[in-house]
Amino acid sequence: MHITLTGNLGSGKSTLGKVLEADYGYEIYSTGKVIRQIAQEHGVSVLEMNKMMEKDPKYDHMIDDTTARISKEQKEKKLLFDSRLAWNFVEDSFKVFLSVSLSVAAARVMADASRGAVEAYSSLEECKESLKERAATEDRRYKELYGIEYFNYANYNLVLDSSECSPEVLAEILVKEAAACEEKKAKGEKVGTKLILDKNRPAEDFAKERAQGKESIQTICGVEFSVIEL
């Protein structure tokens with residue numbers, strides 16, 4: 001099975017990916033790994049590849065094409081594509097959007113020393129505003145380049161909230177939901193979108209989805225969540 005994982009900045013995608021790799025045997029293909037593969041195929045260093053990408057947008061499409069090719073060539077392998085847009089290019093995958101509240105995301109980013117001076121902020125509010133603007137910028141860019149709506153949650157099979165839940169529980173939920181999705185596909189049943197959210201997540205964060213879908217409180221893997229089914 002192939003899983004494509006994307007989500008909010010600061011949502012913990014890399015951490016979740018490591019759990020899926022260590023505990024469930026998934027091989028991770030991040031955007032960085034795909035870039036390294038393209039660099040190797042072109043006989044250049046990763047640094048040279050990055051410089052080429054800055055000058056020519058065609059390399060964005062090359063990453064997308066390589067991601068699609070890898071997924072086609074390795075259909076039987078357990079692959080996790082940790083990438084902003086792999087869900088749009090991998091032919092058949094369980095599409096996951098990892099969500100997090102803005103306040104939690106900002107706190108995580110500010111506490112992450114590995115991000116360096118380029119992501120240093122003087123206050124939590126400044127960080128929150130920066131994250132909001134970056135998300136809006138990405139959304140506009142993806143619409144212009146690909147004509148897709150990144151934050152339309154109906155694009156995904158599962159929207160999973162990492163605001164308060166541990167990555168181990170998130171991984172367990174993800175794997176169970178992926179298996180249930182595969183079972184539905186095998187039976188020819190319709191596969192929709194399920195949002196599994198922290199039960200204290202502000203209602204305005206998913207106002208549209210709450211209005212459109214069926215919401216309930218469910219205990220999943222020992223944790224109570226607000227679940228919305230579209």
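Q: Is phenylalanine 151 buried, partly exposed or exposed, by relative accessibility?
A: This is a predicted model, in which local features need pLDDT of at least 70, side-chain atom pairs count only at pLDDT 80 or more, and totals for chains, interfaces and linings use all residues. Residues are numbered from 1 along each chain as its sequence is written, and side-chain values use heavy atoms, with hydrogens and water left out. Buried means under 20% relative accessible area, exposed over 50%, and partly exposed in between (1.4 Å probe, protein chains only). Phenylalanine 151 has 26% relative accessibility and therefore counts as partly exposed.

Q: Which geometry does the aromatic pair of tyrosine 150 and phenylalanine 151 have?
A: Rings of Phe, Tyr and Trp (its six-membered ring) pair if their centres lie within 6.5 Å; planes under 30 degrees apart count as stacked, over 60 as edge-to-face and the rest as tilted. Tyrosine 150 is buried, at a relative accessible area of 1%. Its ring and that of phenylalanine 151 are 4.9 Å apart, centre to centre, with 80 degrees between the planes, and the pair is edge-to-face.

Q: How many disulfides does a search of the whole structure find?
A: A disulfide is counted when a pair of cysteine sulfur atoms lies within 2.5 Å. The sulfur of cysteine 165 is too far for a bond, because the closest cysteine sulfur, in cysteine 221, is 8.2 Å away. For cysteine 181 the closest cysteine sulfur is also in cysteine 221, at 16 Å, too far for a bond. The number of disulfides found in the whole structure is zero.
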